[in-house]
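Here's a quick briefing for anyone opening this structure for the first time.

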Amino acid sequence: MPDNLTKVNFQASINAIKSFLPDKLQNPLVGIVCGSGLSGLADEFKDKVIVPYEEIPGFAKSTVPGHRSAFAFGLLGSGTGVPVVAMLGRFHPYEGHSLSSVVYPIRVMARLGVKNVIITNASGSLNSAIPVGTIVVVQDHLALPNLTGMNPLLGPQTSQDLPRFLPLSDAYSPTLRRLAFLAAHRLQLDDSALAEGIYAWVSGPTYETPAEGRLLRQAGADVVGMSTVPEVLAAREEGLNVMVLSLVTNFVVIPDRYRSMKEEVKAELAGKKVELPVAQVVSHEEVLAVGKEKAGVLMKLVESIVESI
Ligand SMILES: O=P(O)(O)O[C@@H]1C[C@H](O)[C@@H](CO)O1
């Protein structure tokens, strides 16, 4: 896909999408991005219509296990329901997609009428007070790639109507974050089910070394993941209200201290029996398993938030 997207691309994408949709689904108000293992968030949509990305000009294909490659349109919530659209699968820069391809679906959703976007992801916890299974309502982000030149808003502007210099001090909507905690209360979720924190974006696809995890923690991040921030930037540029819900799927391994191999060998030479350390490692399978286990709670939460927007 070309990096400089034009209005023609948008129109072609939108025409293709709309050709699948009945009138009542043509203008969704809320967009939902499903993170790793979280495509089940669309299971409750009424009158659901699936639009595969491969049918939409300008769209890439998601290659990550646990990510489908389609939009789901439908009505969510009680009564007639709110028209919504969910991305069943997203694009990550580590798959080889350009940053403009990664955020293209967000820009398309904005042009379909979406005003509020709920972005979900799977993340690793850097904070011992935020255990696996917690849903973190993101307050702010820390994006080293953005600060060092990997920013989806770099380059010619998608439209002259959009701001050139985008402020990010208000990126995570207080209105939507409030609705998340009120929804958790309505659903009688345990107090520990929902936490707040700062999301660090890394490019991946490698998980962090212990030293990198420690750096991010010391810099103030609570969770770390490989997505979301480019989408947040594009959504804010498009004028959307943004909420991010991050499901903690694993702890980032950060030992209090390193075992010294030099000391181990000295001990061995002195006749002591030495066992080499076996590092704990994280896997994408673990990430998907927690996503599967918690998708139901996240789905109820998203539904309740959408009803109250
Ligand atoms: O798309 P998300 O951010 O939910 O997926 C996370 C980050 C990586 O893509 C993957 C690593 O396990 O899960």
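Before we get to strand partners, one term: two strands pair if DSSP finds at least two bridges between them. Keep in mind that this is a predicted model.

**Strand β9 and its partners**
- On the parallel side of things, β9 is joined by 10 bridges to strand β5, residues 116–125.
- To find one of the residue pairs between them, look for Val117, whose bridge partner in β9 is Val242.
- Strand β6 (residues 135–143) runs antiparallel to β9, and 3 bridges join the two.
- Here you can look for Val136, which has Ser246 as its bridge partner in β9.

**Two positions from the UniProt record**
- An unreviewed UniProt entry puts the feature "binding site" at Glu208 and Asn250.
- Glu208 sits in the loop between β7 and α5.
- With 18% relative accessibility, Glu208 counts as buried, because the cut-off is under 20%.
- Looking past residues up to four places away in sequence, Glu208 touches Val202, Gly213, Leu216, Val224 and Val252.
- Asn250 belongs to strand β9, and it is buried too, with a relative accessible area of 5%.
- Setting aside neighbours within four places in sequence, the contacts of Asn250 include Ser123, Gly124 and Ser125, as well as Val282, Glu286 and Val287.

- Most peptide bonds are trans, and most residues other than glycine have a negative phi.
- Gly204 and Pro205 are joined by a cis peptide bond, with omega at about 0°.
- Pro205 is in the loop between β7 (194–201) and α5 (210–218).
- Asp47 has a positive phi, near 50°, and its place is in strand β2, residues 46–52.
- Asp47 counts as partly exposed, because its relative accessibility is 42%.
- Gln188 also has a positive phi, near 55°, and lies in the loop between α4 (174–186) and β7.
- At 70% relative accessibility, Gln188 is exposed, because the cut-off for that is over 50%.

Methods: Residues numbered from 1 in each chain as written. Predicted model: local features only at pLDDT ≥ 70, side-chain atom pairs only at ≥ 80, totals over all residues. Heavy atoms only, no water. Helix = DSSP H or I, 4+ residues; strand = E, 2+ residues; numbered from the N terminus. Buried < 20%, exposed > 50% of the residue type's maximum accessible area, 1.4 Å probe, protein only. UniProt positions renumbered as here; feature names shortened; annotations may be inferred. Contact = heavy atoms within 4.5 Å.
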